[in-house]
Structure formats: structure tokens, C-alpha cells
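Here is a short note to read beside the structure. Please keep the model open and find each residue as you go.

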Amino acid sequence: MTSLQTWPLSLLLVIAVHCSNSLEDNKIPSLCTGSPGIPGSPGLHGSPGQPGRDGRDGRDAQPGEKGETGDRGEPGQPGVRGLTGDRGDPGEKGERGSPGECAVAPNSAFSAKLSQTESRTSSLAVGDAVRFDKIILNEQGDYNPETGRFTCRVPGVYYFAVHATVYRSSLQFDLIKNGHTVASYFQIFGNWSKPASLSGGTLAHLIPGDQVWVQMALGEYTGFYSSPKTDSTFTGFLVYSDWKNSAVFA
């Protein structure tokens with residue numbers, strides 16, 4: 001091939017090398033300038049970027065005005081009971097109190113008998129009280145030997161007992177409370193050579209002022225008897241008190 005024939009080929013090679021160097025430099029060679037291309041399609045959205053840094057704190061503002069008081073809320077449910085706390089220290093000793101009522105229970109008791117001078121009661125009429133005039137016991141003074149009557153001072157239940165020696169006549173008597181018969185007793189005397197006996201007793205509830213005594217029931221049955229070896233007695237005592245006005249004995 002002659003030099004004339006190879007010249008065009010050499011020129012094209014030079015142009016190709018020059019264009020290649022320009023493309024590497026991201027430059028379009030003036031010799032290869034073409035018409036503008038058609039705009040490309042919009043690209044896809046990129047992935048979210050990294051969170052930005054926190055901004056600086058703002059300046060403190062002026063305090064706002066106080067708001068109105070709200071309505072009171074509903075009471076809450078009671079909480080669970082807490083644990084028992086430790087025992088506290090002993091307190092100081094208090095002042096001595098005033099003396100209280102006596103703790104000794106009230107008493108009332110008596111016993112009396114017919115003296116030998118009063119052994120014959122034939123002179124007593126129906127309704128008369130038998131005077132047991134010889135005191136055996138009467139510490140509280142509730143029995144009056146001059147009238148033969150017991151007068152209640154302490155309210156409560158009492159027991160009364162009568163023991164009679166019966167001689168030379170039959171005997172019938174009543175135990176009386178405030179004029180009403182509580183119990184009646186009778187013993188017939190059958191002309192025995194020795195005295196017989198008649199005993200009886202009963203309970204009675206009394207209030208202060210009540211009276212109890214032994215009373216003849218029949219005029220012809222008055223056989224109370226007393227001698228140095230045998231007695232006729234009238235006894236009574238408080239079984240228990242119901243003194244409600246006392247804090248000790250209520």
C-alpha cells in the first residue's frame with residue numbers, strides 16, 4: 001500500500017486518539033460536538049438521610065399567669081393496709097386518780113330470839129308482830145327488837161328463817177312483807193310431854209324501806225316457847241345485792 005493510500009487511515013487514527021483523551025478529561029472535543037440529547041427520565045428518590053443533630057435549647061420565656069383552681073377530684077380507693085409499725089416508747093406515768101368506791105360488798109344480817117320473859121305469846125292477838133327481843137347478831141342495826149321488824153337498807157334478795165319451839169299450845173304464824181303474807185307455818189301440839197319444833201324459811205326481794213316480820217295467824221295458836229335449853233329464833237340475811245346506783249355493786 002502506498003503512502004497516499006495510508007494517509008486517510010492515519011488521519012482517522014489520530015482523530016480517534018484525540019477524542020479518546022478528551023473523553024477521559026470529561027470534555028467533549030470540539031471536533032465531536034453533537035446536537036443536545038433528549039432529557040432523561042426523573043431519577044428514583046434517594047434513601048432517607050441521617051438524622052440531624054439536636055438544635056440548641058431555646059431561651060427561657062417569662063412565667064405564664066397562674067391558672068384557675070380546678071374542681072376537686074373524686075376520692076381515691078383506699079390503699080392497702082400498711083405493715084404494723086414498731087411499738088412506741090412507754091408514755092409518761094399519769095397522775096394518781098381520785099379514790100374510788102369501796103370494793104367491799106354491802107352486808108345486812110341479823111338474828112334474834114325470844115327471851116324467857118317473852119316465852120309466852122298467849123297475850124298476842126292476830127296480826128301482832130312477834131318481838132324477838134334478845135339480839136344474837138345485828139351489826140348493821142337493820143332489825144328493831146322493840147318492834148320485831150326488819151327494815152331493808154340495801155336492795156337485793158334476802159333469806160329469812162324462823163325456828164319455833166312449840167310447847168303447851170299449837171302454833172300458827174306468818175312471815176309478812178309490808179303487810180302481805182309471804183309464807184305461813186303451822187304446828188299442832190298434841191299434849192306431848194316435851195316441846196316440839198316448827199321451822200321454815202323463804203327468799204324475798206326487798207328495796208330500801210321494805211319491812212319483814214313474824215306475825216301471829218290465829219289467836220288460839222300461840223305456842224311460841226323459849227327456855228334455857230330451847231329457843232325460838234328469827235333470822236335474816238342478804239343473799240346478793242342489786243344496788244344499781246353503785247358502780248361497784250351494779
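1. Start inside. This is a predicted model. Phe234 is buried, with a relative accessible area of 0%. Phe132 is buried too, also at 0%. Both count as buried because the cut-off is under 20% relative accessible area.

2. Now look at aromatic rings. A pair of rings is described by the distance of the centres and the angle of the planes. The structure holds 17 aromatic pairs. One of them joins Phe132 and Phe234: the ring centres are 5.6 Å apart and the planes meet at 45°, so this pair is tilted.

3. Compare a second pair, Tyr159 and Phe237. Their ring centres lie 5.8 Å apart with planes at 45°, so this pair is tilted. Tyr159 is in strand 5 (residues 156-177) and Phe237 is in strand 10, so the pair ties together parts 78 residues apart in sequence. Are these two residues buried or partly exposed? Tyr159 is partly exposed, at 31% relative accessibility. Phe237 is partly exposed as well, at 36%.

4. Rings also group together. Ring pairs link a cluster that includes Phe110, Phe132, Tyr143, Phe150 and Phe234. Tyr158, Phe160, Phe173, Tyr185 and Phe224 are also among its members. Elsewhere, a charged residue meets a ring: Arg149 lies over the face of Trp213, at 3.7 Å from the ring centre.

5. Pick out Val214. Its contacts beyond four places in sequence include Phe132, Val162, Phe173, Phe224 and Phe234. Asp128, Ala129 and Val130 are also among the residues it touches. Val214 is in strand 8, where it is the bridge partner of Leu175.

6. Which strands pair with strand 8? Strand 4 (residues 149-151) pairs with it in the antiparallel sense over three bridges. Here Thr151 stands opposite Gln211. Strand 5 also pairs with strand 8 in the antiparallel sense, over five bridges.

7. Turn to the other partner of strand 5. Strand 5 and strand 6 (180-187) pair in the antiparallel sense over seven bridges. Lys177 has His180 in strand 6 as its bridge partner. The two strands form a hairpin with two residues between them. In that turn, Asn178 has a positive phi of about 50°.

8. Last, find Ser170 in strand 5. Is Ser170 buried or exposed? Ser170 is buried, with a relative accessible area of 10%. Leaving aside neighbours within four places in sequence, Ser170 is in contact with residues including Gln187, Ile188 and Phe189. Glu220, Tyr221, Thr222 and Gly223 are also among its contacts.

Key:
Residues are numbered from 1 along each chain as its sequence is written. This is a predicted model: local features need pLDDT of at least 70, side-chain atom pairs count only at pLDDT 80 or more; totals for chains, interfaces and linings use all residues. Side-chain values use heavy atoms; hydrogens and water are left out. Rings of Phe, Tyr and Trp (its six-membered ring) pair if their centres lie within 6.5 Å; planes under 30 degrees apart count as stacked, over 60 as edge-to-face and the rest as tilted. Buried means under 20% relative accessible area, exposed over 50%, partly exposed in between (1.4 Å probe, protein chains only). Helices (H or I, at least four residues) and strands (E, at least two) are DSSP runs, numbered from the N terminus. A charge sits over a ring if NZ of Lys or CZ of Arg is within 6 Å of the ring centre and within 35 degrees of the ring normal. Contact means heavy atoms within 4.5 Å. Two strands pair if DSSP finds at least two bridges between them.
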